[in-house]
Amino acid sequence: MDLGCVPRLVSLSLALLFSASAEGQTFTAAVGQNVTLPCEAKNYRPFEVVEWSRDEAGLKYVLIFDKANPNLEVPEQSYKDRVDLVNMKEGDVSLKLNNVKPEDSGRYQCYVVRETNRKKRDIQPVNTVYLQVPPGRGHIGLVLMVVAVFAMFAMVAVFVWKKRSVSPPQDETVDPLQA
């Protein structure tokens, strides 16, 4: 047996393992957080189409890039102003999802079509990931904490102000000649 090929086999195995490491992976985010759902597609450049979709009770397109239209399209109203791609020029078409909501939970798929001269377009999912956003208070807890701290400081300030502005006790009289 030729042991010279072992390092190459190990590197190939590691490359395959790491290139598909996010496949089927589940990500969990708290309400209000930002999350990045991975999709490395360097081998599919130059891109003709990049699509992120959800398959929950019917197909929903989250984000679409089409070479013919350089602007990212966000067909699903609930994702407007909350999604973007990480670094398409470098082949990283991971989905940045901001201010997550419980209704964002579900299966997300990244599809990429490589620019080609062929007429047939074969679109296959590059990655499938799952997002879980458990219902929770999200930013509300932080807001309540800030309000409580502010109220505490306000009470201390009022107490200090009243302490300083209190007149001397009545049994102490101030002689105007000594003052």
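In this predicted model, the side chains of Arg107 and Asp55 meet in a salt bridge, at 2.7 Å from N to O. Arg107 lies in strand β8 (residues 106–114) and Asp55 in strand β3 (residues 47–55), so the pair ties together parts that are 52 residues apart in sequence. Arg107 is partly exposed, at 24% relative accessibility. Asp55 is also partly exposed, with 39%.

A search of the whole structure finds three salt bridges.

| Salt bridge | Closest N and O atoms |
|---|---|
| Asp104 – Arg82 | 2.9 Å |
| Lys42 – Glu40 | 3.6 Å |

Asp104 and Arg82 form a salt bridge. Asp104 sits in the loop between β7 and β8, and Arg82 in the loop between β5 (69–73) and β6; the two are 22 residues apart. Are these residues buried or exposed? Asp104 is buried, with a relative accessible area of 2%. Arg82 is buried at 6%. Buried here means under 20% relative accessible area.

Lys42 pairs with Glu40. Lys42 is partly exposed at 46%, and Glu40 is partly exposed at 45%.

Now the sheet. Three strands form an open, antiparallel sheet in the order β2-β7-β6. β2 (35–37) and β6 (83–87) stand at the edges with a single partner strand each, so one side of each has no neighbour in the sheet. From one strand to the next, the twist averages 35 degrees. Three bridges join β2 to β7 (residues 92–97). Val35 stands opposite Leu97 in β7.

Key
Residues numbered from 1 in each chain as written. Predicted model: local features only at pLDDT ≥ 70, side-chain atom pairs only at ≥ 80, totals over all residues. Heavy atoms only, no water. Pairing = 2+ DSSP bridges. Helix = DSSP H or I, 4+ residues; strand = E, 2+ residues; numbered from the N terminus. Axes fitted to C-alpha atoms, helices over the stretch in contact; angles between N-to-C directions. Salt bridge = Lys/Arg side-chain N within 4 Å of Asp/Glu carboxyl O. Buried < 20%, exposed > 50% of the residue type's maximum accessible area, 1.4 Å probe, protein only.
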